[in-house]
Amino acid sequence: MTKKELAQSICNLVGESNIRTIANCYTRVRLTVKDPEKMKREELKKLEGVLGVIEEGSHVQLVLGPGTAAAVAQLMSDMTHIKSEEVDEAVLLKEENRAKNNVPCKNMLKKIANIFIPIIPAFIACGLVVAVYESSYVFFPGFQDTDFGKIMSALAYSVFTILPIIVGYNTSKEFGGSPIIGAVLASILNSSSLAGVQLFHVSITPGRGGVISVLIIAYVAVLLEKQLQKVIPDFLDMFLRPLITVCVMTFVGLMVFQPIGGFISETIGAFVSFIIYKVPVLAGLTSAIYLPLVMTGMHHGLIAVNTQLIADFGVTYLLPVTCMAGAGQVGAAFYVYLKTKNQRLKKTIKNALPVGMLGIGEPLMWGCTIPLGKPFIASCIGGGIGGSVMAVMKVAAKVPELSGIPLAFITTRFPLYFVGLFASYAAGFIVCRLMGFTDPED
């Protein structure tokens, strides 16, 4: 069947007068129809040249394959006199994935990310100063005891000193409560005056659970605030709501939620330490699943984990491992760039590769590896190999969120970080070469 015959057959089976819009991407003709019931579905599915039919309400996608989709869409446009347009499949895939993952659990993780993202500039600035300050131990003994050294110390660790208060403030703000109440509760949880205190036979440890405890308590405080707002008269709201919220959440938080946060924090720390020091080769599994986590939005939850690891140990071994997933994707995409004859794909990769090397992987993910399939799998495997290399070398980061080449400057082992980075590039490239890919036609 020729492309013209295929286009005519589709028009007949869908109904020319039933078609509202015609568009295409690399592999699909995308139609909007007036009445889905008027289509002859079974005949469409059996039509020679149609590889698949996907329906979502009035939206119909006909999978025809690279090159064929664009040609058939144009022929259908000529037959129906409906203007055809070409759409960016990378944008469509991202939008479809976002809609598919709009569920409560993933939305909660996105909110957690929103709590920490505003703090990232301070993490980076202070992290760089920490790297310089700690190097002074080697090159300038006694520098820390000088006046300038003390100022450097205050600057370097400032964000980590007030981090619980910032997290408490941002948590309350993100979930619709009073930000200052979140900050006050965080300050209470970390007050040194609580040392040695026992409340109803529960021993209180100031700061136990770090930001994880603060996240939990500030969130529950917002829920309490909203309930109080419904029952307290308006003329008393300004006085009673903050008073009751702070008093109740202080005692409940210290007795219930801070121990829970402490248990979660200590469990995560023990697990990461066990993997890094006992079986570092398995750490690569975290990198291997990281890109699928990015697809679903679940990677946002790791910001809080990395932040807590830094609070507990001063560094996080997890971040350098997981960010190798993006490096594996760079290697796989570079192989595709060298081999593809599709000029549009080549241009997309050329523009996205430098950004990917700087740690922003979405352009490569949605514009190259996911649409092609096998390169995405190669990216995951390559990132897993690089992540294991990074864990074996015990490279740690001083900030909870950064990736690619920029992270190298805020790690404990600057040269070894690049060894792991290039191992990921190479692994992604080699695995992609072994797996191959189907090159889309221009």
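Tyr277 counts as partly exposed because its relative accessible area is 46%; buried means under 20%, exposed over 50% and partly exposed in between, with a 1.4 Å probe and protein chains only. This is a predicted model, in which local features need pLDDT of at least 70 and side-chain atom pairs count only at pLDDT 80 or more, while totals for chains, interfaces and linings use all residues. Residues are numbered from 1 along each chain as its sequence is written, and side-chain values use heavy atoms, with hydrogens and water left out.

A search of the whole structure finds 13 aromatic pairs. Rings of Phe, Tyr and Trp (its six-membered ring) pair if their centres lie within 6.5 Å; planes under 30 degrees apart are stacked, over 60 edge-to-face, and the rest tilted. Tyr133 and Tyr157 make an edge-to-face pair, with 6.1 Å centre to centre and 85 degrees between the planes. Tyr133 lies in helix 6 (residues 120-139) and Tyr157 in the loop between helix 7 (147-156) and helix 8 (158-161), 24 residues apart. Helices (H or I, at least four residues) and strands (E, at least two) are DSSP runs numbered from the N terminus. Tyr133 is buried because its relative accessibility is 7%, whereas Tyr157, at 30%, is partly exposed. The ring centres of Tyr277 and Tyr317 are 5.9 Å apart and their planes are at 75 degrees, so this pair is edge-to-face. Here Tyr277 belongs to helix 12 (residues 234-278), and Tyr317 to the loop between helix 15 (301-313) and helix 16 (318-322).

Leu407 touches, among others beyond four places in sequence, Leu319, Cys323 and Tyr417; contact means heavy atoms within 4.5 Å. Tyr417 also belongs to one aromatic cluster with Phe409, Phe414, Phe418, Phe422 and Tyr425. In soluble globular proteins, nonpolar side chains tend to be buried together.

What surrounds Met1, leaving aside its neighbours within four places in sequence? Met1 is in contact with Leu6, Ser9, Leu47 and Glu48. Met1 is found in the segment before helix 1 (3-14), and it counts as partly exposed because its relative accessibility is 45%.
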